[in-house]
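Hi,

Here is the structure I promised to pass on. Have a look at it first, and then read my notes below.

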Amino acid sequence: MAPISVTLARRDPEAAVVALVGEHDAYSSQRLENELTVLLDEGLQVVVDLRDASFIDSTTLGVLLAERQRAERAGLGFTLVLPRDEFAQVHQILELTQLGRAFASFTSLDDGLRAAGAGQAARRPSKAA
């Protein structure tokens with residue numbers, strides 16, 4: 001099974017970092033859903049680190065979207081940290097499904113933690129100058 005690690009970032013408010021490594025598909029999606037459900041039920045802000053995920057499928061993406069919606073309803077932050085390489089598969093599936101705009105996403109863990117701590121879950125529309 002592809003590794004999923006959960007660590008707590010001692011911040012105010014406290015946040016959980018869920019890192020996906022390798023390939024994630026229907027086989028690992030149930031474990032991911034369970035981990036995210038427990039963290040959100042505990043009232044933690046969540047950052048999903050996808051920088052080391054070489055592949056995520058539509059099942060995994062569906063879990064992320066459903067848990068992001070749960071977080072938003074609960075007033076909790078839920079952010080993604082994406083690889084810097086815009087040609088990475090993670091970027092491609094988000095672009096192909098047009099779900100990239102459904103998530104607050106960043107390329108650095110610190111930025112993801114900061115936004116999650118502020119309660120951000122979806123991408124904020126940019127303001128016109």
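Strands here are DSSP runs of E with at least two residues, helices are runs of H or I with at least four, and both are numbered from the N terminus. Two strands pair if DSSP finds at least two bridges between them. This is a predicted model, so to speak of a local feature takes pLDDT of at least 70 and side-chain atom pairs count only at pLDDT 80 or more, while totals for chains, interfaces and linings use all residues. Residues are numbered from 1 along each chain as its sequence is written, and side-chain values use heavy atoms, without hydrogens and water.

Now the sheet. Five strands form an open sheet in the order β1-β2-β3-β4-β5, with mixed pairing. At its edges lie β1 (4-9) and β5 (104-106), each pairing on one side only.

Strands β3 (residues 45-56) and β4 (residues 78-81) run parallel, paired over four bridges. Opposite Val 48 stands Leu 80 of β4. Helix α2 (residues 58-73) packs on the sheet and touches β2 (15-24), β3 and β4, where contact means heavy atoms within 4.5 Å.

Next, the interior. A nonpolar core is a set of buried Ala, Val, Leu, Ile, Met, Phe, Trp, Tyr and Cys residues joined through side-chain atoms within 4.5 Å, and buried means under 20% relative accessible area (1.4 Å probe, protein chains only). The largest such core has 29 residues, of which Leu 36, Val 48, Leu 50, Phe 78 and Phe 103 touch the most other members. A second, separate core has seven residues, including Ala 9 and Val 81.

Best wishes

How values were computed: Axes fitted to C-alpha atoms, helices over the stretch in contact; angles between N-to-C directions. Buried < 20%, exposed > 50% of the residue type's maximum accessible area, 1.4 Å probe, protein only.
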